[in-house]
Every structure is written in C-alpha cells, then in structure tokens.
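I opened this model to look up two things.

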Amino acid sequence: MSALRLLLFVSDPLTADVRLKPLLDRLVEAGRLRYACVDRDMKLSGAVSEQYDLLLAHRNLSRRQTVWLRAHPVPFIYDIDDLLLEETLPSSRRRAAQQQSIRWCLAQAAFVTAPSRRLLTELDRLAGGTAARARLVPNPGQEIIPPPKTGRCRRVLWTSSAQPMGAADLDEVCAGIAEAAKAGRLELLLVGKFSAQLQALLGPARLIPWLAPEAYLELLRRETLIAVAPLSRCLAPAQQRFADCKSDIKIAQYASSRIAGVYSDAPPFADSELPRTIVPNTREAWRDALLALAETGTEAANVFAENQLIEARRPSRVAAELYDILGATAATGAPFRFRAIPTPDIGRRLEVAFRSLTARLKPARTGV
C-alpha cells in the first residue's frame, strides 16, 4: 500500500513540534506517510506532492488558512489540544473570527481529535454534533525509555509553558515545595514561564526560560529528578474549565523518562490512567510527598517506566492509532491539489506592527 500524502496546516509551531510531528515522523519512518507543512503565511515546505490524500489542521488557524480550507472541500481532521472554544462569541472582531473558525472546523472535519476525553466532551457541549466524530489521540511520552536510574533525587523540576495563574491553593503548593526543598536540601529547577511573585514564594531556584522540545526531552532522559505539576482548583469558572481540559502529557513524559512526580488532584492528572502520585493542594501534602520521593523517587520512577500503559504512550504506538484515523479520513474524499501565494514578509511585518499598536492603545485589562 502506498504512503498516505498528508498536508499539515501548522497554526502553532510549538504544538506541532510537541504533539503532532513526533507522531507523523514515526509514520514517515515506517513508510506509511509523507507530509508537507503549510504555515500561517501559506508557505509550503516538507515532502511536497502534486496531490494530497487528506489535510490535518490544528488549534487556531490563521485567517488565510481558514479561507483556503473553507473554499476547498477536502477531507480533513481537526486536532485541538486546549479548550480554545468560548461560551459566547467575544466582542473583538479578530477574536470573534477566530472563534467562528474553530466552530467551523469542529463542524466540518471528518474527525475531531484531542488528547483528553474531558476536552472532547466539553467541545461537544459547546459546539454540538462532534461526539460521533471525536477520537482520543493521547499526547506521547518518550520513544526510547532510558536505562534505569540510580541515586537519590536531589533536584525538583517544575515545567510551565504558560505562566501559572495566581490562586490561593497554588500559594499553598508553593509554600509546601519551598519547605520540602529547604528541609531536604533539594535544588529547584524551573523551566518555562514563572511570575516574580511565584518565584518569591518558592525561594532559591534555577530558572531556564526556554528549552527546545528535543533539548527538554533530553534533559528528562539524562537527569535524576522529582517532577512537580501543580494545577489550581480555585480559578474563575472559565479559567478552571480551560485548566481542567488540559492533557496528562506531563505524566507521560516524566514517567517514560524514569522520573517520579507529584501531581495536583485536578482532572488532567486525576482522570489519567497512567501511574502517578496525586495529592491535594495543601502545603503539608506537597511537602510530605516531595520529601518522600526524595528518598524513594528513583525506585518508584523505575517501576512506573515499565508499566504497560507507559509503553502504550510511545510515539510509535500512538502514531499507529492515529494512522487508522488518517486512513479513514482520506477515504471520505478525493485527492486534492494545494496552491497558494505566500504572504510577503513585508505584509506580515506590517500586520504585526499594527496589532502591536492596537494593543498598546487599548485600555489595560486585568486578570488572574
């Protein structure tokens, strides 16, 4: 059977690199797929074909990507990994257009894929009519699990791709982490975005603002760590729904790297079937859990990594499940061509400058 020819509309390069490309690349290696990418400016790259069997769109498409997709009735999958859909259309014209694009993709896609069952349920509640076409495609962990690790855990890792939202229970968690670090003489390692207020609550810590995805996975493979994944249960309703619909990617990545972690008793972690340690968001619970893992975390992590559920989260295994969805989608329509003139660089720079000026002229907004 010849390889499927896929056109990937990349709306968010980081999400594509972390969630989608590791799966697609495994299918390419297996000879089952070849794919080309179209960025937000409609620039085409990768394994370009004269025709494509299906299209994969994800998250919040650009205006030009949305216009092209609306004008071409091609077989496509819509992958969405966050609760980007809002209860009502916002007043901002740009935000309203984005919401309409998401709703259109949810309504027209042959299949809607997401890494969380809760997210799929919430999308069906908000948009309606997606349940029959919804497919769970979990976020993967490491492809190759490292050899067993040894030694006592001396470093605590907290990773956050977006700045954690302030909340009373997160203050409690930070206090517990700080107490454990001091009592156990543990080093705190923060990777990503953290507010000055949160860093002050945690105390002395090393901050790495950014790591490329592969460098981050290599850090997990190499180091003997304890991971922490706090998530508030006390946010405003809209923010809480967003947080609750997150995936369990941290458990998958940590456990497959032989790293034990402490996770909040919040839906993304409590709903997961993967092996993990769940605690309530209290100072005492987090302090005690971290101090315990400082002594036994390496042994626990080695056991977690051998779990069959972790093996099932290898990118090659998840990719095999995705391939069935790709094939079913391609069967819903005929092969198609892609032609588009990329947005000139000067046009993109002018657009960015205009949006920046507009944002500066708007009244300041407050939020959590």
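**Cysteines**

I looked up Cys105 and found its sulfur 17 Å from the closest cysteine sulfur, in Cys37, which is too far for a bond. A disulfide here is a pair of cysteine sulfur atoms within 2.5 Å. The structure holds zero disulfides. I then checked Cys234, which is in no disulfide either; the nearest cysteine sulfur, in Cys174, lies 13 Å away.

Next I noted accessibility (buried is under 20% relative accessible area, exposed over 50%, partly exposed in between, with a 1.4 Å probe and protein chains only). Cys105 is buried at 1%, whereas Cys234 counts as exposed at 51%.

**Basis**

The model is predicted: local features need pLDDT of at least 70, side-chain atom pairs count only at pLDDT 80 or more, and totals for chains, interfaces and linings use all residues. Residues are numbered from 1 along each chain as its sequence is written, and side-chain values use heavy atoms, leaving out hydrogens and water.

**Sheet**

I took strands as DSSP runs (E, at least two residues), numbered from the N terminus, and counted two as paired if DSSP finds at least two bridges between them. Seven strands form an open, mixed sheet in the order S3-S2-S1-S4-S5-S6-S7. S3 (44-46) and S7 (134-136) stand at the edges with a single partner strand each, so one side of each has no neighbour in the sheet.

Ala114 stands opposite Leu136 in S7.

Key
Helices (H or I, at least four residues) and strands (E, at least two) are DSSP runs, numbered from the N terminus.
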